[in-house]
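Reader: I have the model open and would like to go through some of its packing with you. Shall we begin with the terms and then turn to the details?

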Amino acid sequence: SFKHLSLPMNLVLNNCNASQSKVEMIVKQDDDDLNIDIELLENYRLGDFYKFKTLMKISQNFIKQKSEFKTSYHWDYKKYRKEIDKQVRIFAKESMINIEHLKEDPIKFLSMIYSIGPYDGSFCAKLITHYQLFGGAILELGTSRHHTKKFISQINNTEYLGSFAMSEMGHGSNIKQLETIARYDENTKEFIIDSPTDTSRKFFIANAAEYGNIAVVFARLIVGGKSRGTHPFIVPLRSLDDHTLLPGIEIGDCGLTYGWKGMDNGWIKFTNCRIPRENLLNKYADVTAEGEYLSTYSKPSQVLNACLSQLLVGRLIYIILPLLIIHISLFIGIRYASTRRQFGASKENLILSYQSHQRQLMPKLAYSITLDFTKNALTSLINDSFENEDIRAFYHAIVSGVKSFISSFAVETANTVRVLCGGYGCSVFNRIGELHNTADIFQTVEGDSTVLKQQLGKYLLQQYSKNMHGIGATFKYIKFEIGTYVFEKNPLIYRNTSSEHLTSKAFLISAFNFRYQHSIRDIAKKIVYLKKKKIKMGVIWNNCLWDILKLSDSFVYLFMLEKIIDAIENCEHEGNKDILIKICSLFGLYSIEQDKSFFLTNNYISSSKGKAITELVTELCADIATIAPQLIETSFIPEYSSVPIARKDGNYIQHMIEAMDTYNQKSNNNQNQTLISKL
């Protein structure tokens, strides 16, 4: 069962009256001899993906063994693009991934993306653009006339290589205001696609600049002179015979991006581009041959929302890929720190033994493992979200919030590892810059982080409003306030600095709940006050925006805590359970420490308790650092993705020399070839 479907209010009321004597320990004492089962913990962290572990390993081994998948280190981005396009088509021929999985078994599709993610960001992004964004739109927004066996086969084998043309130069997040026009011509039974302004050019469209030949284009539908809102259309871009641009299509290259250099992102301009009437993806709306508009929805916004709601699997992809970047970054950082020695008396010390290293890496390791169980909860809920509207609304909101959180955290993690790896971290051979730049893109692609946080915040405020209205509203409010006073504001608990208390489930849950409930209550009060002053809702929302963004984060933290606690309770292996208990404690206490100003200014903890939390976090970091090299082995990161400074044998000096020698040899060969051609 999912407790969060009724929102955390119930969780708060159930825990706020817990007595100190009944507090459950999260950190066990005297447990130095921890027994980790690496394979079991890896499987547990995989969650539902574990069902496809064999297939995932097959795909990883395929990439490892194929000579076409050897890295070129991206020296020449044009060559790199060509390599990536070739790799995608080779992988497609193996039929390990297809668009039918999106509907028949979305977890299988996600597991395959997860398995190949460590190889190369551009390779993965190109596959996702084609199969999930383009192919998924055909599958989820089209009908039987689009689902012919031939067309689906042409998509799966990449004869048709697709793009997803939604964003424009003038509008990215605000889809309702897209300017591209699709006007219906009753005489020819065609739609005429036009880009009437410079701002209406489709912009940063993956696969479009060079290799794509078809796109799903979102445009404003006009029928009989009346605008019907934004709808999706299938628009061929290039000839299947000679790859030349089709009439009415103009495409240019957006240039090199500092992440995903192997992606050919392009802009598209339409001028009197004609497509058949049947190319409208008509699951939610259609236009008859006679020009009659048909839809089960009364408002254009409802049609658009229905279309976008069917693409949720895509947003989940952009949770698991940043999570992979976090795992790979920590894999590199901890492996390197476990072999690199600097300073010391008779023998130099491993840099992982330094508190500065532990304090920066171990909380991120705790977050990464916690996020695995967050990911598992979301993937387990996919099928239910398709069947139940209430679950779908919650699912859309929480996936949006988690995607925003995890993409920012991935950037932070990659940057931290880069710095802690010193000069080695700057080398392209070690991939950290590539990981950072890819993670940075995730903050924008498939939803701007700030916009996504607002979507979760809006949902939470709507649910809060429902929960706090009606006959029982006053009782609910009083019960929460009294519970907070009895438990959180109890002087004995307010000043309690014992590790037993600080690492208890009751304390962590109550602290996270207090932050969430305090945040949402303050925003609700502010909105009510400003409404009474007759201020427009748009202005009110902007006045509350910063607090709404923090509200979103507070709920994501609460959701993450709930999922790691669930994982602890359901873990059957005692040694692994003990590890997860430590991970949960570090995740929870570090999160409180990072937001200490909130808890202090709202009198939730005393200054002495805040100091005790910091000291305990430091102790937990040192404790987990001793097993960190084992923990990263449970991340399902294939060994072939290791970089010179993170190989299993620990001989980073030799591997860096080999990488540099290989580069110099290729560079000399290229120079010689250039000289010979001049002669």
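Author: Contact means heavy atoms within 4.5 Å. This is a predicted model, where local features need pLDDT of at least 70, side-chain atom pairs count only at pLDDT 80 or more, and totals for chains, interfaces and linings use all residues. Residues are numbered from 1 along each chain as its sequence is written, and side-chain values use heavy atoms, with hydrogens and water left out.

Reader: Which residues is Gln358 in contact with, leaving aside its neighbours within four places in sequence?

Author: Gln358 sits in helix H11, residues 355-380; helices (H or I, at least four residues) and strands (E, at least two) are DSSP runs, numbered from the N terminus. Its relative accessible area is 9%, so Gln358 is buried (under 20%; exposed is over 50% and partly exposed in between, with a 1.4 Å probe and protein chains only). With neighbours within four places set aside, the contacts of Gln358 are Leu352, Ser353, Pro363, Cys621, Ala622 and Ala625.

Reader: How far is the backbone oxygen of Ser353 from a polar atom of the Gln358 side chain?

Author: Ser353 is also one of the residues in contact with Gln358. From the backbone oxygen of Ser353 to a polar atom of the Gln358 side chain, the distance is 3.4 Å.

Reader: Is Ile113 buried or exposed?

Author: Ile113 belongs to helix H6. Its contacts beyond four places in sequence include Ile97, Cys124 and Ile128, and the C-alpha atoms of Ile113 and Ile128 are 7.9 Å apart. Because its relative accessibility is 0%, Ile113 counts as buried.

Reader: At what angle do helix H3 and helix H6 pack?

Author: The contact involves Leu55, Met56, Ser59, Gln60 and Ile63 of H3 together with Lys108, Ser111, Met112, Tyr114, Ser115 and Ile116 of H6. Axes are lines fitted to C-alpha atoms, for helices over the stretch in contact, and angles run from 0 to 180 degrees between N-to-C directions. H3 (residues 53-65) and H6 (residues 106-116) have axes 9 Å apart, and they pack at an angle of about 35 degrees.

Reader: In what order do the 3 strands of the open sheet come?

Author: Two strands pair if DSSP finds at least two bridges between them, and S4 is joined to strand S8 (residues 266-270) by 2 bridges. The edge strands, each pairing on one side only, are S4 (202-205) and S7 (249-253). The pairing is antiparallel, and the order is S4-S8-S7.

Reader: Which residue in S8 is the bridge partner of Ile205?

Author: S4 and S8 run antiparallel. Within S8, Ile205 has as its bridge partner Gly266.

Key
A polar contact is a pair of N or O atoms within 3.5 Å; within protein, one must be able to donate a hydrogen and the other to accept it, and residues adjacent in sequence count only if both atoms are side-chain atoms.
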